[in-house]
Amino acid sequence: MASNKLYIFGIGGTGSRVLKSLTMLLASGVECGVDTIVPIVIDRDMSNHDLTRTKTLIENYIAVNNIAPKEDSQKGYKNRFFNTQIELLNNELCLQLKDNTQKFNEFIGKDTMSSENKALVDILFSKETLELDMTEGFQGNPNIGSVVLNQFDDSDIFKAFANDFKDGDRIFIISSIFGGTGASGFPLLRKVLQTPNQKDADGQPLANWGLVNKAPIGAISVLPYFNVGAATDNSLVNSDTFIDKSKAALSYYKTEDKKLDTLYYIADTNTTTYEHHKGGDEQKNNAHFVELAAAMSILDFVNPQLQQKNIHRKDDKIESTTYKEFGISANVSEIGFANLEDESQKMLINPLSRFLLFRNYMQFVFEKERKYQPYAHRRFNEDFRKKNSIKKLESLQSSFFTWLREMENQNRRFSPFNLSTNNAFDFVKGDISLITKPKWSDNIRYKNWARVDNELNRQISKTDKALGNESRFLELFYRATESLINFKS
Amino acid sequence: MRNILIYCLAVLFLASCGNSSTQRKGGNKPSENSEMTAVTASKIKPVVNVYVENSGSMAGYVNGNTDFKKAVYNYLTDIKISGITDTLNLFYINDKPVAKGSDVKDFIEKLNPNQCVFATSDISNVFDLVLKRTDNNQISVLVTDGIFSPGKGKDAQQYLVNQQIGIKRIMKEHLDKYPNTAVIVYQLTSGFKGTYYNREDAKTEFKEPQARPYYIWVIGDVEDIALLKTYIPDSKFKGGGVQHSYTLLPPLNMEIDYAILNSPKFGSFERDKKSTKTSIYNIKKASNGAHKGNFMFTIGMDLSLFTVLLGDEYLTNTESYARLINKQPNNDYFIEIEHNTNPNTNYTHNMKLTTDKISVGELEIILRNQFPQWIYDINDEEGLDIYKNDAINKTFGIKYLAEGIYEAYNFSGNSIYTTMKFNLKK
Amino acid sequence: METIYRWLSSLFGSNLAEHLSGWSEVTGDYTEANLFFIIGMSSLIISIAACVTYYYILNHPRWNRGFKWLIFLVIVLIVNFLLAFGICYSDLLAGNISSDISAISVAECLGFGLANIIVSIVIFVFCSLIIKWGSRNCKFSPFKF
C-alpha cells in the first residue's frame, strides 16, 4: 500500500510512556505495518515529566529519521534503524486541552449555575473534588476527567489531525484504565472520532471527518501494573482505589463492543511501588515491560498479516471486535527473551540486540577507534559527533539504555540483556545463540570489539558512497550489527 | 701454424712434468725423446745448416777449450739429439761457405785458430750468403763475432749506415719470399785470447783470455724456430750461457688467454657482465690509504708460448708492449710487469696499470716486435780503442746489423705478436 | 636485484660485491652462485610475505596503528639482516671467498647486512603502499592516505 499512517492517541501518562516504548522499538527497527506514525498525546498536565521525556525522544527520533536511509533492496539500503517515520502534527506532541480555569468548580462554572444545578453539583462531586486544582491532572478521578476532556475537539492539533487524515489511515488509542486522564478519555475520544459531522469550536465541520469515522480503529487499555506509595503531600491518588476504579471503568468499556475493531488489554499483578507524586515534573514513572508489550500491541494492530484476524468489517461497518491480551510463557519475575513466545521473540530479539550493540559500540569503542579504523577514515572524524543528527542519535541511544535499565529494575524485571558488561558479545543473557557463526578465519583472529570493527570495515565498502556521512553511518552500523547478530528461531 | 705452436706448449708442459717427476728413474731422456719424436713426426723435418765464421777475428774464440767451443758443441749436439732434424750440415763461412761434413765432435775438435786465417769478412756479406741458403725447410745457424770491418780510410759512420740499409734490403727480400721466417740472435760470451782487429784493422793482442761477446744467429721458419726454442731453451746453453737473446717473429697476431684480475688493484671498478674478463666500468680511484687518488688494475696474461719464443727478459720489459686508447698511443697508464704467482689461474705474467687520470675507451695492449735495449747497450759505436768506453764488452756496429733486420721485419708497421683489448668506461 | 645492491656498494665495498656476484678466480668469470640474486630474492620474498601477512592474513583492527606495522617491519629487517650478514660471514669464515678478492672482513659483511636493511625497508614500504588498499582493516596503516 502507498504511504499510510497510523494516528496514535496516547492519553495521559500511560499514553506518553507507551509511546516512548514504541519510539524505542521503532528506533531499533522493528517491523511496522505502516510507514508513518503520528503520535498525539492527550494530557491536561503539560508539565508531566513523562510527556517531556517522550517529546524530546520523539524529536530526536525525527531528526535521526531524516537522515536514516530507508530499507530499499533496489537501492541496496539495508538499514532498518529508524525505518518508520514519526510525524508531529503542527510540530506538537501534546494535544493541549485549552483551559485556563484553575479549580474544578470554576471550570464547570458553578458560580453561574442555577441553585438547583448547584445543589446537583454538590451531590455529584465531593467538596475536595470541587476545590481541585485541575492543572495537575485529575488525580485519579475519572468522573471529573470525562467532563473536562470533552473539550479536546476544539484544539488546533485536532484540526490538523482532521486535515491530515487520508483514506487508508488508521487510528489507535492508548489509555490506562486506572487513574485519571486515561480512563475517562478513551471512550470519549472514541465517541468523538466516530461522531459524524463533528464541528470545531468555530462551528466549522472538521475536514475529512467521514474518513475518520470509517477508519480502522484499535485501542489498548492498560490495567494496573504499579502501586503508588503513601501520599507525601495532599494528593487524592490512592492505590487502593485503583482496582475499584478499574472495575468501574471496565464495565463502562463493555459498551465499546463493536465500536472498535481491536481492543487490547494488558495488566500485571506483580507490581512495583512507585514514589508517590501527584503530577508535575516529578511524575516520572520508570519504564516498565508492560509499556513495551503495549507498544507491541500497536504493531500487532498494523501488522498486514494479521489484518484478517484483527479487523472484521462489512461495508465499513464493524461486525465484531477482536479482543487480545498479552501473555508471557511463564510467570517469571525476570523476563528474558526465552520467556517470550515465538512471535514476540521474532519481533524483538534482533532489533533490540542490534540497537544495543550499536549503542554499546558508540559508548565504549567509537571514540577511541575512529582514529584508526578504515570505516571511519576521513568520514567519521571529531566533527562528526558534533553534527546535530548524530548528537540526537547518541542522546536517543542513551535514552534507550536508560529505558532498558529502568525496565530491569522493576519488580517484574525485563532483563534480557546484561547491561553492565562492556564486552561486545556477552550482553545477551540466556541460551539463545544470537551471534552468527563467524567464519573460522574470523573467529580465530578477531575477539570482542575487534570483531565488530572488522565487520564495520567489511561493510563500509558495501554502503552507498553517494549517501551523506550521517546516513552512511546508520547504514553501516545496521549492516554490521545485522551481520553479527542474526537470531533465527 | 697455430697448431704447431700449441704442440710446443704441450711438449713444454710434458717436458717440465718429466723433469719435476721424482718417480722417474735416470732414464727419462729416452722417453722424452720418444714423445718429442711423436710430435714432430707429422711434419717434414728441416735441414739444419751450421755456419761458423772463420775469419781472422774469430781465432781468439777458438784458442783452447773455450766457452765458445763448449757452447757451440753443446748447442749443436742438442740440436742433433732433439730429433728436430735428420740432417745437420756444418760449414765454415767467410766469403763463401765451405762444407765440413756432419760430424759435430770432429768439427769442434778441429776448430782452432789455424782454421781462422782468412781476412775479416764483411758481416753483411756473410749474412747475405746465409740467408740465400735458408728457406722454409732449412734452418741456418750462424756463429759470428758480429763485428763490422770497414777498413782503413773509410767513413765508418757512412759505412755502417749503408750496411744497415743493405741488410735491410736483403732481409726484406728474404721475408717477401718466406714471410714466416723468424730470426733469433743469442749473445754469449767467451774467453778471447788472440788478436783483436779494430775498425781500421789495427791490432790489439790479448795474451790472456778476455771475455768478449759473440753471437749465434738462428734463422728459419717460425714453426721450426719455435720447436727449436722449445727443446733448447736459453737455460740449456753451456759455456757461460746466453747473456741476452732477441727473437724477431713474423706478425703472429696470436690469441692468448688474458683478463683483468680482481687484485691487486687500487680503487674499484665493476665488470660488464657481457664480457667480464675485459670490460669494466664505474671506475673509481682509491679514496683513502696510501694510494689515494690513484687507480690501478692488473691484467693477467698467459704468455707461456711467448716465454718460449721471446724469452722472459723480453716479456718483462715494458717497452715490449705498445698501449693504445681508442687507437691512439697513450701513456696515461704507467705499467709494470711481474710474474703471476696465483696457482688458481693459468696466467704467466701480470701487468699492472696505474694512473691518476682515468682514461677510458678501448684500451689495446700490443705485444710486438720491439728493438731491445741490450743491443744498443752492447753496441760499440766507435770501434777504435778496445779499452775505451767499456768497448771490451761491446761489439762494433752490431746495432746496425740488428737494426737492419729489425727494420725489414717492421717495414709495414710493427710486427704484432698479440693484441689484448679491453674496454674501460667511466 | 644486483644493480640495486651494487648501487649501495659503498656500504660493503666493491670487493665483497664481486664475491656476491659469484666471482670465481678459477674461471675468471661470475660462475659461482649469484648471492645477490639469492639473498635479494629471499629478502624480497620475506618482505612481501610479511607485508601480505600484515595486511591480509593477520588483517586485524587492533593492529592497524602505525606502531604495529613497524613491528612487522623490524622483524623483516632483523631476518633480512641476519640472512645477508650470515651468508657473507659464513663464506668469510669458511674461506669460500676467492683469494684474488682482497680486503674483506666482518666490517664488509656488516655493511652488506646494512645494505640489505635499506633494500628491505624500500621493498616493505613500497609493497605496503601498493597492497594495503585491499586490506579490510589495515587500509590506512601506517599511512593515512
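## Contact between chains B and C

Two residues are in contact if their C-beta atoms, placed from the backbone, lie within 7 Å. By that criterion, 12 residues of chain B touch 14 residues of chain C. The chain B side of this contact comprises two nonpolar, seven polar and three charged residues. Nonpolar here covers Ala, Val, Leu, Ile, Met, Phe, Trp, Tyr, Cys and Pro, charged covers Asp, Glu, Lys and Arg, and the others, Gly among them, are polar.

## Basis of the model

This is a predicted model, in which local features need pLDDT of at least 70 and side-chain atom pairs count only at pLDDT 80 or more, while totals for chains, interfaces and linings use all residues. Residues are numbered from 1 along each chain as its sequence is written, and chains are lettered from A and ligands numbered from 1 in the order in which they are written.

## Helices 3 and 4 of chain C

Helices (DSSP runs of H or I, at least four residues) are numbered from the N terminus. In chain C, the axes of helix 3 (residues 35–58) and helix 4 (residues 66–94) come within 10 Å and cross at roughly 165°. Axes are lines fitted to C-alpha atoms over the stretch in contact, with angles from 0 to 180 degrees between N-to-C directions. Helix 3 of chain C and helix 4 of chain C are therefore roughly antiparallel (over 145 degrees).

Residues of helix 3 of chain C in the contact include Leu35(C), Ile39(C) and Tyr54(C), and those of helix 4 of chain C include Trp69(C), Phe72(C) and Ile87(C). The contact has 13 nonpolar, four polar and no charged residues.

Notes:
Helix = DSSP H or I, 4+ residues; strand = E, 2+ residues; numbered from the N terminus. Parallel < 35°, antiparallel > 145°, perpendicular 65-115°, else oblique.
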